[in-house]
Every structure is written in C-alpha cells, then in structure tokens.
Amino acid sequence: MSAPLEVTNVTMRFGGLKALADFTLIMQPGELVGLIGPNGAGKTTAFNAITGVYVPSEGEVKVAGVRVNDEKPHQICTRGIARTFQNIRLFKQLTALDNVRIACHAGAQSGFFDALFLTGHHRREEARIRARAEEYLEVMGLSHRRDEISRNLPYGEQRRLEIARALATGPKVLCLDEPAAGMNAAEKTNLMGLVRSIRDRFGLAILIIEHDMRVAMGISERMLVLDHGITIAQGKPEAIRKNPKVIEAYLGDAYLEEKHIAVPPQENSK
Amino acid sequence: MGRLLSLFRTFLPFLVGLVVLAGLQAVMPPVFAVILLYMGVNVVLAVSLNVVNGFTGQFSLGHAGFMAVGAYTAAKITLGLSGFQFPVLGYAVSQQLVFAIALGAAMAMAAVAGFLVGMPSLRLRGDYLAIVTLGFGEIIRSIIENMKFLGQATGLSGLPQRSNLIWVGMSVIATVVMAQRLASSTQGRALFAIREDEVAAEAMGVDTTGYKVRAFVISAAYAGLAGALIAHAIQLSTPRMFTFIRSIEVVVMVVLGGLGSISGSIVAACTLTVALEALREFQAYRMVAYALLLILLMLTRPQGLFGTREIWDLPFFRRLLRRPALASDGGSAGARPDSNSAGGTR
C-alpha cells in the first residue's frame, strides 16, 4: 500500500524567487509530523503546494499513490487531504454546525432536484450529514456552540471549529497551519492534547506547522525544518534540538539556555 | 404510505397555493389583479437573482437577458400552437396545457443560455463578473433585435393573454419553494460557502466553479419563467422590455431586501412594484421619488431590509412567534443571534 501522502522534490518558483526547493515528505498513516522554520521559510507554501492552491513548478505530489499535481484543491480534498488556514478562514456568517456540514459535503450524492422535491434519499442524507457534523463538533468540544454564528465564537473556539471542519471532509492526512497561533500556553497544551487524541481516534496522519518550539517538539514524532525554502534538517525532535544548523537558523541561543521563547510575529498571509 | 406522505409534503405548498389563488382569481378586481401580476413576476425575478447574487455572492447584472430568452421561447410556442387542440381535451384546456409547455420550454432555454453565459464569465469575480454579465445580457437582447424570425425591434405581438393570478402565483410558489429548499440543503450550503470564502470552500471539497455555474443556470431558468409570464400578461414581447435597466431594477430589489434573504427579496419586490405603481400619478417626479426612496433605505439600512436573515429571524417576529434561540435549519443562513431572544423560552 502506498503512503497517504508522498511529496517528492517539489519546487515552487514565483518569478525569480524559489519559495520552496526540493521539498520531500512522505507521510505514513498515523504519523504526527511537525514542520517548522522561521518566518518566510516556505512552510505555508509547502501546504499550498500539497493542497493544490499552487501548482508545483517541479516535483510530484501523490495522494495514496495517485499523482495530483494538476488537480484542483477540491479534488485533492476529496482524495483525503484536509487543511486549516493560518489566518482563520471560517465561513464567518454561518453557524458552527453549517460550517462543519459544508465540509461533510464531499461524499454527498443527492443533487439539486433531490433537494427541490425533498426526495427520501435527500432527507436521509441530510439527516446523516447532520449527525456526522454534530459528532465532529462533539469531538472538538463545540457542541454547545452548534447554533452560534462562527464569527461570534471566541478565538480559540474558532481555531477548533476549523479543525472540526477539516476533519469532516474525512481526510487521511490532516494539515494544520499553525493551529495554536495566538493562544496562551495552557490553551496550546490543551490543543495539542486534542490533536493527539484526534490522531488516535481517526487514525490520521497529521502534518502540523507550529511556531512555538516547545509545543512543536512536544507533539511531533518527526520534524522537518525549513529555512529559505530549503529543508535543512529532519528527524526526531531530540536530534533536531541538537542540530547546529537548526539552532543557527531558527532557535538561536535563547533556546539552548532553555528559556521560554516568545511566539515570533505572524507570517504575512498569502 | 410513507411514500405518499412524502409526496404530499413535497407538493403541499402548491396544493394550498392552488386553492388560495383560485379564490383570489375569482374575487380580485382586474385593476388589482394587474398589479398583483407584476408583483408576482418581480418576486420570481428577485428571488431567482438572489440565488446568484445573495446565496452565492456572485454579482450578476444579466437577468433581463435570460428573461428575454424565456419570453421569446414561450411566445413562439404559444403563437405557433395558438389553434392547437389536444385530442379529447377541449380547446381551453389544450391552450392552458400549451402554455404550461411554453413555460417549461422557456425555463429550459433560459437555463441553456445561463449555462452558455455562465461557463466563460464565472471565472471572473466581483466587478468584472458584473460587467461581463451586463455585456452578455445586452448581447442576448441585440441578437433578438436582429432576428427577423423574432420580429426584430417590434418584437412579437398578439400573444394570447394567459398569465393570470393562478399561473403567476404558482410560479411564485415554485420559485420561493425552490430557493427555500435549496437554502436548507447540502447544495445550498455549498453556495453559501462560496459566498463566505471561496478559498476555504474549495479547500473543503466544494467544486466552486461547478456550483457557481449551477447557481447561474438555476437562476436563469427562473428568470426565463418570469419573462414568459410577463410577455403573456401584456401580450407582447419586445427587446425594449429586456434592457439592462430591467436587470438593474431586479438587482435593486435583491440588494434592498438583503442579499441572501428570500423573504427580503419578496418584500422588496412587492414594495417596489407597489411604489412604482402608486407614483404613476406623479409622472414627472416618479423616478425622483423612487431614487430618493432607495437612497433613504440604503442610508438607514445598508445591509438591506433583513440583511442575510429571513423575516422570521428578526427580533420582532421572534418575539411574536415565541421562538427560542436560533434554529439553524431552513433559510436562516446568516442569522445572527440576537440578545433579546437568546435567553428565550428554552
């Protein structure tokens, strides 16, 4: 069986700029991989290349053995790659439940005329989708917010709702783009526990971008470090911690002294 | 039994509507009946345009073009079959059937036109889409204007008078029921997702281009229906009835009622129709007063009468209906939780 996600030698060029060079990543089922690097290192670019927002300039992205380079984001999503966004992109004016229900859409069979004539098939499917959506809300601890407009949710819950929404697409690989950004230490710990439990419960592979080193080291089983688009190191967190290149590029002396590192300022959104 | 019940549920609005409309048709004085016809047609137009402009968030300005396609298609059929009589059935019944067929054909042709226009233009967004759809609307009109077969600038006249309260009323019900059921279905939610955030919608597996085209086709079909109805109400179909001014009138109704709000579109369409009729006596100042009304409304409620909400989501009606907190089902897509009802009965 082929790996759920295989990225080989992907390069992204924007004009003369190489935002990502020879990026290779093979995700095994159930793996938790951390993707780290300083601002502008190409982490989000890597996500966009995987999920079809960008078409890779070179290299190949395979989902479950199928090449998806030229597919649109919604097709790649249907193949089992789900993502969240660094700058939360919920459907702001819709309720939490509707946000998740939209993501359940992928496998839906009933079409416009089913809806128009309220066929039995349509009603059964609506009920099924609703039940599924509520389950995902429950998993992320958002059941009590079901009918709340998502814009009105507190920040942390918006982040969780985005994860619930991504889960609802039924992915094999979940890509989380800085899910803990802007949270305090306790919230972060909480969220990481949640991420781990999601992985165990749904048997997903999770690729996570995280700025906070302690959090990233704590959760990842394997890490990839990017700097200026180049993969400068990969391996177990303990090895990354000691890798001089990584320390130079990213961590700086402060980390060596085991001091708490403040969360660096957010990368600009695309 | 269950199947029968579900069939009943599907067509319930039409059954109730038929009874009410037949009654109205019998008692309504002709003067009011005409205004009601215009109202109905405008409601069909506004609600159908709302599917594109409100639900999907794509700004289309080409609604009149699709009306024209529908009007001419239906006119050709009713004119061509004006002496036709089905075997067994009487002449009057046959002609009503012919009209039904004409309406269906009008919708189908308009849908085809919607598909042809939608495919290339829906790659664009915002202002660009508005301009392209405006252009296509005008193209459709000028094609008609130059076809001998469709009477060129004088259009087709002498159409049978077929649109009555029952036909228009049933069309209104069909349109509103369509919009409402769409809004509470997977398909409709996909449209809302596109309106809210196209990138995220795509990432969640919504085929944004496909759904935009679908919304456009649905909307065009109902515009065609409205065109056919109006042509058979005034017994005339000319290119001048379908200029872009008509499109803008419909856009005004949708914006005024609130983008995305079905009941908003209905209320705005009715209000504006009546307002225009009422102002008819002051011919010279009519458009001035109309424009002032619009300016006033936009200043006081820039989000439209109801925003994206439905009328029954407004605090006043919530209290009236004693409904607890928000129901997320149905058309209350953009409903906001309002503080004075949130702590309600539950």
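This is a predicted model: local features need pLDDT of at least 70, side-chain atom pairs count only at pLDDT 80 or more; totals for chains, interfaces and linings use all residues.
Let's begin with chain A as a whole. Chain A is built from 10 helices and 10 strands. Its radius of gyration comes out at 19 Å, close to the 18 Å that the globule rule gives for 270 residues, so chain A is as compact as a globular protein of that length. Along the principal axes, the C-alpha trace spans about 65 × 40 × 35 Å. Of the 270 residues in chain A, 49% are buried. And if you take the contacts in chain A with a separation of 6 or more, 66% of them are between residues 24 or more positions apart.

Now the domains. The assignment for chain A gives domain 1 as 1-80 + 172-270, and domain 2 as 89-170. Their C-alpha centres lie 26 Å apart. Where they touch, domain 1 of chain A puts in 10 residues and domain 2 of chain A puts in 9. On the domain 1 side, the elements giving two or more residues are α2 (73-79), β7 (173-177) and α7 (185-202) of chain A. The largest share of that side comes from α7(A), with 3 residues. Sorted by class, that side has 7 nonpolar, 2 polar and 1 charged residues.

Next, the contact between the chains. Here 39 residues come from chain A and 33 from chain B. On the chain A side, α2, α3 (96-103), α4 (112-116) and α5 (120-139) each give two or more residues. The largest share is that of α3(A), with 5 residues. By class, the chain A side has 17 nonpolar, 12 polar and 10 charged residues.

What about the nonpolar core? The largest one has 173 residues, and those with the most contacts inside it include A:Val100, A:Ala164, B:Ala46 and B:Leu225. Helix α9 of chain B, residues 208-231, gives the largest share of this core, 15 residues. Let's zoom in on A:Ala164. Leaving out residues up to four places away in sequence, A:Ala164 touches A:Val100, A:Tyr136, A:Leu137, A:Val139, A:Met140 and A:Leu142.

Helix α6(B), residues 165-183, has 19 residues and reaches 26 Å from its first C-alpha to its last, close to the 27 Å expected. For α6(B), 14 of the 19 residues are buried, so this helix too is largely enclosed by the rest of the structure.

Back in chain A, please find helix α1, residues 43-51. It is mostly covered, with 9 of its 9 residues buried. Among those buried residues are A:Lys43, A:Phe47 and A:Asn48.

Another glycine to click on is A:Gly34, which lies in strand β3 (residues 32-36) of chain A. A:Gly34 counts as buried because it has 24 C-beta neighbours inside 10 Å. In sequence A:Gly34 and A:Ile208 are 174 residues apart, yet C-alpha to C-alpha they are 4.9 Å apart in space. Beyond its neighbours within four places in sequence, A:Gly34 is in contact with residues including A:Ile208, A:Glu210, A:Ala216 and A:Met223.

Last stop: backbone angles. Most residues other than glycine have a negative phi. A:Leu118 is not a glycine, and still has a positive phi of about 50 degrees. You'll find A:Leu118 in the loop between α4 and α5 of chain A.

Notes:
Residues are numbered from 1 along each chain as its sequence is written. Chains are lettered from A and ligands numbered from 1 in the order in which they are written. Helices (H or I, at least four residues) and strands (E, at least two) are DSSP runs, numbered from the N terminus. The expected span of a helix is 1.5 Å times one less than its number of residues. A residue is buried if 20 or more other C-beta atoms lie within 10 Å of its own, exposed if 12 or fewer, and partly exposed in between; C-beta atoms are placed from the backbone. Domain bounds come from an automatic or database domain assignment. Two residues are in contact if their C-beta atoms, placed from the backbone, lie within 7 Å. Ala, Val, Leu, Ile, Met, Phe, Trp, Tyr, Cys and Pro count as nonpolar, Asp, Glu, Lys and Arg as charged, and the others, Gly among them, as polar. The radius of gyration is taken over C-alpha atoms; the globule rule is 2.2 Å times the number of residues to the power 0.38. A nonpolar core is a set of buried Ala, Val, Leu, Ile, Met, Phe, Trp, Tyr and Cys residues joined through C-beta atoms within 7 Å.
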